[in-house]
Amino acid sequence: MNDPHAAPSKPTHAFTNATAKTSQPSAAAPGFSALPLPPALLENLHSLGYTGMTPIQAASLPLALQGHDVIAQAQTGSGKTAAFALALLSHLNPRRFAVQALVLCPTRELADQVAQEIRRLARAQDNIKVITMCGGVPLRLQSASLEHGAHIVVGTPGRVMDHLSRGNLTLEALNTLVLDEADRMLDMGFFDDIVTVAKQCPAQRQTLLFSATYPEGIAKLAQQFMRTPHTVTVDAQKAGPDIEQRFYEVTRSTRLSTVPLLLRHFRPVSSIAFCNTKQRCNELLDILQAEGFVALALHGDLEQRERDQVIAQFANRSCSVLVATDVASRGLDIKELEAVINVDITPDPEVHVHRIGRTGRAGESGLALNLASMDDMGHVGRIELNQAASVWYPVSELTPISPEPLRPPMKTLQILGGRKEKIRPGDVMGALAAEAGLTRDQVGKITVTDFCTFVAVQRDLAAQALDALNNGKVKGRSVRARLI
Ligand code: AMP
């Protein structure tokens, strides 16, 4: 370990501009055009700004497009979703109305994100229908969606099994089975469910398995139902985005009060503060809110509806800090996360890698700030076995770099009405443009859930947008909206 007092004194990171970063891999990254992908798909990748492949895409896509089974070691943030999504889309026949690809994910949040990414990648192709199949939503709604014909199902193993056993879902036409975050699924006890689902898929199919780590169970899964899989690993240095790790020595009594100092010093627009317990989350949340930060907590005590609301607010940049436990934040894919703060060091070095992998995604640079007391030094040592020695910085150098309070750039409006009312993001944008004269730049992420819609609007325009929604019409109908 280095001497905490020999550290550089100037902050190299300060995030004041939400648009300062891009999600492009490095300029030297190999392009997608060399791959045997349909022209419409290639054009769409270009329009999404995917100019080059990330290392995991470059390593796995050529094999997957040739039809091989692949086991790929990939972290969240490495571009793994596009790696399997492009493979399954290239094998899909849009005119055949049957489930041709199934993606199993450990959590509902991950399933939602994967489905979204697949929809984004598929938008240039004819009407490809992607549905999610996870707990927390009535079975009959999902079977109704299935009846309308779905090409791709993304779901959690338990719920997919449920539909299979009721005969709502059949996998006879399946070409591609994907296991995403397979290690997490094993951690959560899904081994038997995965095997049962795999047994119901046709023998002639492609299986793609993505996992951040290789616990024993992965080899067992592969043995049971993969056909001579090719294993792809990208060395951690290349796979991992550019993350600057800083360690700060704290004591039991200064740990929580150091978090506001970090936030005022580095001013990350969005950050996750990881705590090891729910109780610590609540203590930190109280401190941050009392000091005027817009912070929300994500932990196991929240109901699904509350979770959705917290995640929507954080993802659309109307909350600066998400205070979270590891379990609660599983599968969360939030883009443009400037910093991860490890308020508690985790005893598990693999969890540490997962946590810090949330900043600096797909070629962007990120910042991981770690608070450690003398009691944590054993955990720090274990982290160091996995990576370079930690670099220590003195807490005394954490000074505010601006007198302005740290404010998130957006505010969230909630419209009472969602997918069930057939509201689409374009309808909301249309209403905001027509009634309040807002442009696309002034409106952020629009998240339509089953029963409500969250829309992010620039802070200073939120009141005007709220008025417009409450007094105007969305899709020709009056709606109720509120600021959250
Ligand atoms: P994932 O690891 O699948 O969670 O992807 C992390 C993020 O990187 C997602 O927001 C993707 O949209 C983005 N991404 C994936 N592939 C590329 C690429 N080739 N170029 C730029 N961004 C990408």
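Which residues are buried in helix H6 (residues 157-165)? They are Pro157, Arg159, Val160, His163 and Leu164. The model is a predicted one. This briefing covers that helix, a strand and a loop residue.

**Helix H6**
- An α-helix has 3.6 residues a turn, so residues three or four places apart point the same way.
- Strands S2 (101-104), S3 (130-133) and S4 (152-155) pack against the buried residues of H6.
- Helices H5 (139-147), H7 (182-187) and H8 (191-199) also pack against these buried residues.
- Gly167 follows H6 and has a positive phi, near 80°.

**Strand S9**
- Strand S9 spans residues 271-274.
- Ser271 and Ala273 point one way, while Ile272 and Phe274 point the other way. All are buried.
- In a regular strand, side chains alternate between the two faces of the sheet.
- S9 runs parallel to strand S11 (residues 321-324), and four bridges join them. Here Ser271 stands opposite Val321.
- S9 also pairs with strand S12 (residues 339-342) in the parallel sense, over four bridges. Ala273 stands opposite Ile341 in S12.

**Loop residue Ile128**
- Ile128 sits in the loop between helix H4 (108-122) and S3.
- Ile128 counts as buried because its relative accessibility is 15%, and the cut-off for buried is under 20%.
- Leu92 is 36 residues from Ile128 in sequence, yet their C-alpha atoms are 9.0 Å apart in space.
- Beyond its neighbours within four places in sequence, Ile128 contacts Leu89, Leu92, Pro94, Ala122, His151 and Ile152.

How values were computed. Residues are numbered from 1 along each chain as its sequence is written. This is a predicted model: local features need pLDDT of at least 70, side-chain atom pairs count only at pLDDT 80 or more; totals for chains, interfaces and linings use all residues. Side-chain values use heavy atoms; hydrogens and water are left out. Buried means under 20% relative accessible area, exposed over 50%, partly exposed in between (1.4 Å probe, protein chains only). Helices (H or I, at least four residues) and strands (E, at least two) are DSSP runs, numbered from the N terminus. Two strands pair if DSSP finds at least two bridges between them. Contact means heavy atoms within 4.5 Å.
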